[in-house]
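The following report describes the architecture of a single protein chain.

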Amino acid sequence: MTRVNQPRILIASDQEDAARCTADLMQETLREKPAGVLGLATGSTPIGVYRLLVNRHRAGQLDFSDVTTFNLDEYIGLGPEHDQSYRYFMQQQLFDHVNVVRERTHVPNGLAANIPEHVRDYEERIRQAGGIDLQLLGIGNNGHIAFNEPGSAIDSRTRQVDLTEDTIEANSRFFNSAAEVPRHAITMGIGTILESRRIILMATGKAKAKAIRVAIEEPSDPGNPASLLQGHSNLTFVLDPESASELKR
Ligand code: F6R
């Protein structure tokens, strides 16, 4: 079976090169559209990308003054001052070091009193901003994208979700123990992500190799959330050799 839209697969020479390729694609988007809307991810994978964006901003090559950002997800129960919250991560890794306007940076609020209303509002803000021009994604070892765990629907929207034991275990490396990892999160939905005009999924390291193979080479299936991206008209995988090591085709 031939797919109508084939993803672009860039295999970088190493992890650093993968960060450089991703930063180049983001910079290209902002060169074409200085008031662009970026969808951003947290986690270990994009740290090198944010470092490069900060350096390029300092070198006068990147201006964030008209940029709007929307992050994928946030833990429920963690506020912006908590050092494991995704708002805190974004401030530390990127926002505090570039000239982005704080009011134009959006991360779901893990302390929202009314979550159903908050997630509707989040979607509405994305719409009002004109939609996401470029969405950066990482991938979980179990194929999750954002916090859309296996079983998430292709048309799911921003919502509250339960984290799987796999994800709690993987993310416990940042907490004192697995018991401290929040059990619930707010995540953009897969349907929300698929509306982005361009998607870049970045993966590095051997632990991601199986999830990458399944996402690219297995049939699209809600059991493998990243595989639901297949068919998006502008999807690029940026991989290092280790994460690409199980690709057969
Ligand atoms: C983070 C996110 C997650 C991560 C994924 C990979 O905002 O949405 O889906 O992208 O868990 O995390 P790392 O990069 O730490 O391996």
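## Thr69 and its surroundings

Not counting residues up to four places away in sequence, Thr69 touches Leu38, Leu40, Phe95, Arg104, Thr105 and His106. The model is a predicted one, and Thr69 is placed in its strand E3. Is Thr69 buried or exposed? Its relative accessibility is 1%, and Thr69 therefore counts as buried, the limit being under 20%. A separation of 19 Å lies between the C-alpha atoms of Thr69 and Ala112, which are 43 residues apart along the chain.

## The sheet

Strand E3 belongs to an open sheet of seven strands, in which the order is E1-E10-E9-E6-E2-E3-E5 and the pairing is parallel. Its edge strands are E1 (8-11) and E5, each of which pairs on one side only. Strands E9 and E10 (residues 235-239) run parallel and are joined by five bridges; within E10, Thr236 is the bridge partner of Ile200.

Strand E8 takes part in antiparallel pairing. It is joined to E4 (residues 73-75) by three bridges and to E7 by four bridges. The table lists individual bridge partners.

| Residue | Bridge partner | Strand of the partner |
|---|---|---|
| Glu74 | Ile186 | E8 |
| Val161 | Ala185 | E8 |
| Ile200 | Thr236 | E10 |

## Gln135, a polar residue in strand E6

Gln135 has its place in strand E6. With a relative accessible area of 0%, Gln135 is buried. Which backbone atom lies 3.4 Å from a polar atom of the side chain of Gln135? It is the backbone oxygen of Gly39.

In soluble globular proteins, nonpolar side chains tend to be buried together. In this model the largest nonpolar core has 39 residues, and Leu53, Phe64 and Leu94 are those with the most contacts inside it. At least two residues of this core come from each of helix H1 (15-32), strand E2 (37-40), helix H2 (47-58), helix H3 (86-93), strand E6 (134-137) and strand E9 (198-203). Helix H1 gives the most to the core, namely seven residues.

The contacts of Leu53, with its neighbours within four places in sequence left aside, are Ala23, Met26, Leu62, Phe64 and Leu94. Apart from this core lies another of 29 residues, which includes Phe70, Tyr122, Ile145 and Leu229.

## Helix H1

Helix H1 has 18 residues and reaches 26 Å from its first C-alpha to its last, close to the 26 Å expected at 1.5 Å a residue. At its start, a side-chain oxygen of Asp14 comes to within 3.2 Å of the backbone nitrogen of Glu16. The buried residues of H1 are Asp17, Ala18, Ala19, Cys21, Thr22, Ala23, Leu25, Met26, Gln27, Thr29 and Leu30. Against which elements do the buried residues of H1 pack? Their partners are E1, E2, H2, E6, E9 and E10. Two of the buried residues, Ala23 and Met26, are in contact with Leu53.

## Helix H4

Helix H4 (residues 115-128) has 14 residues, and the distance from its first C-alpha to its last is 20 Å, close to the 20 Å expected at 1.5 Å a residue. Ile115, His118, Val119, Tyr122, Glu123 and Ile126 are its buried residues. Because they cover an arc of only 135° around the axis, these residues are on the same side of H4. On the other side, Arg120, Arg127 and Gln128 are exposed.

The buried residues of H4 are covered by elements including strand E3 (68-71), strand E5 (105-106), strand E7 (159-162), strand E8 (184-187) and helix H6 (190-194).

At its start, a side-chain oxygen of Asn114 reaches to within 3.1 Å of the backbone nitrogen of Glu117. The helix is followed by Gly130, which has a positive phi, near 95°.

Note on methods:
Residues numbered from 1 in each chain as written. Predicted model: local features only at pLDDT ≥ 70, side-chain atom pairs only at ≥ 80, totals over all residues. Heavy atoms only, no water. Expected span 1.5 Å × (residues − 1). Buried < 20%, exposed > 50% of the residue type's maximum accessible area, 1.4 Å probe, protein only. Arc of directions from axis to C-beta. Contact = heavy atoms within 4.5 Å. Polar contact = N/O pair within 3.5 Å; in protein donor to acceptor, adjacent residues only side chain to side chain. Core = buried A, V, L, I, M, F, W, Y, C linked by side-chain atoms within 4.5 Å. Pairing = 2+ DSSP bridges.
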